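Please look over the model with me. My notes follow as numbered points, one topic to each.

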Amino acid sequence: MASLVGAFAASHGPLIVREWEHVPAEQKSRVSAAYRELGRRLTAAKPDVLIVVSPDHWSNFFLNNYPAVCLGVGEASEGPPEPWMKDFPHRQIAGHPGLAMHLAEEAMRQGFDPAVSHRLTLDHGACIPLWRMELERLPKIVPMLLNSIEPPMPSLARCYQWGALLRRAIDSYAEPLRVAILGTGGLSHSIGEPTMGAIHEAFDRETIKLFSSSEQSLIEFLEAKLPNSGNGSEEVRNWLVAHGAAGGRGFELVDYLPVPKVIVGCGFASWRV
Ligand SMILES: [Fe+2]
């Protein structure tokens with residue numbers, strides 16, 4: 001049977017690439033070290049497959065068609081389309097259709113109803129963490145694009161339940177695969193709205209604290225505070241999927257720091273699974 005061998009979360013943001021050379025040296029070194037530490041932990045978990053839970057930043061979907069959740073069930077995904085991601089080392093990213101289709105079928109069977117795609121494009125949301133983790137070998141990637149950008153979005157409780165569902169589905173997959181999960185996005189940031197560039201450090205720190213509390217108190221806090229913490233903060237949904245996969249236990253912060261130059265409260269974490 002397959003098993004979950006690791007759960008991780010990391011921030012992303014276009015300016016982590018585009019403004020990188022202007023980030024103060026001390027912050028640059030902490031962000032780099034945190035990504036690398038996640039890479040080290042991921043490598044130590046020896047995953048065959050990594051489920052990457054990320055928003056789609058208009059690379060596959062637009063207002064005419066925006067699924068709440070889309071699972072990538074194809075043989076491969078395309079690399080990032082953003083011109084400033086051109087140095088990302090993979091143009092094709094191998095998938096795992098067997099596991100991905102099993103996840104989709106189990107989701108359907110249990111009333112979750114995801115969309116599926118046989119050919120997705122993975123933008124900076126998925127690819128910045130994969131790049132900055134400096135992995136020697138990229139595991140096969142099953143993408144789960146979760147709408148954490150455009151209202152209405154899946155509820156926070158549903159995102160947590162998605163994690164638990166993925167865990168059950170992994171446990172019931174017949175092949176002895178080692179599977180890890182990475183949620184990417186958040187923590188606080190604000191894009192294309194009047195508070196553009198604001199980082200809500202108090203919100204980020206309380207969110208981090210509550211990942212070690214009950215999922216109910218975490219979800220209640222997020223439901224109350226997300227509307228005033230910057231639209232990019234909604235991407236914390238992807239962390240909730242990893243949290244749900246880990247059964248809501250064993251959260252460990254690797255690092256957190258607000259980085260004004262990249263306008264993101266940058267957080268990095270893993271869970272005991
Ligand atoms: Fe994003």
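**Notes on the predicted model**

1. Aromatic pairs. The structure, a predicted model, holds eleven aromatic pairs. Take Trp58 and Phe62 as one of them: the ring centres are 5.5 Å apart and the planes stand at 75°, so this pair is edge-to-face. Trp58 also pairs with Tyr66, with centres 5.4 Å apart and planes at 85°, so that pair is edge-to-face too. Is Tyr66 buried or exposed? Tyr66 counts as buried, at 18% relative accessibility, because the cut-off is under 20%. Trp58, at 37%, counts as partly exposed.

2. His57 and Glu235 link distant parts of the chain, 178 residues apart. His57 sits in the loop between β2 (49–54) and β3 (69–72), Glu235 in the loop between α7 (215–225) and α8 (236–245). Both His57 and Glu235 are buried.

3. Cysteines. How many disulfides are there? The count comes to zero. Cys70 is in no disulfide, and the nearest cysteine sulfur, on Cys159, is 15 Å away. A disulfide needs the two sulfur atoms within 2.5 Å. Cys266 is in no disulfide either; the nearest cysteine sulfur belongs to Cys127, 17 Å away. Cys70 counts as buried, at 1% relative accessibility. Cys266 counts as buried, also at 1%.

4. Arginines over rings. Arg132 lies over the face of Trp20, 4.7 Å from the ring centre. Arg158 lies over the face of Phe112, at 3.7 Å from the ring centre.

5. Helix α5. Residues 156–171 make up this helix. At 1.5 Å a residue, its 16 residues should span 22 Å; the end C-alpha atoms are 23 Å apart, which agrees. Its buried residues include Leu156, Cys159, Tyr160, Gly163, Leu166 and Ile170.

6. The β9–β10 hairpin. Strand β9 (residues 251–259) pairs with strand β10 (residues 264–271) in the antiparallel sense, over eight bridges. Phe251 stands opposite Trp271 in β10. Four residues lie between the two strands of this hairpin. In the turn, Ile263 has a positive phi of about 50°.

7. Backbone points to check. Most residues other than glycine have a negative phi, and most peptide bonds are trans. Which bonds are cis here? One joins Pro151 and Pro152, with omega about 0°; Pro152 is in the loop between β7 (140–146) and α5. Another joins Gly186 and Leu187, with omega about -10°; Leu187 lies in the loop between β8 (178–184) and α6 (201–210).

8. Positive phi in loops. Asp113 has a positive phi of about 55° although it is not a glycine. Asp113 is in the loop between α3 (97–109) and β6 (115–117) and is exposed, with a relative accessible area of 55%. Glu134 also has a positive phi, near 55°. Its loop runs between α4 (124–132) and β7. At 54% relative accessibility, Glu134 counts as exposed.

Technical notes: Residues numbered from 1 in each chain as written. Predicted model: local features only at pLDDT ≥ 70, side-chain atom pairs only at ≥ 80, totals over all residues. Heavy atoms only, no water. Buried < 20%, exposed > 50% of the residue type's maximum accessible area, 1.4 Å probe, protein only. Phe/Tyr/Trp six-rings, centres within 6.5 Å; stacked < 30°, edge-to-face > 60°. Lys NZ or Arg CZ within 6 Å of the ring centre and 35° of its normal. Expected span 1.5 Å × (residues − 1). Pairing = 2+ DSSP bridges.
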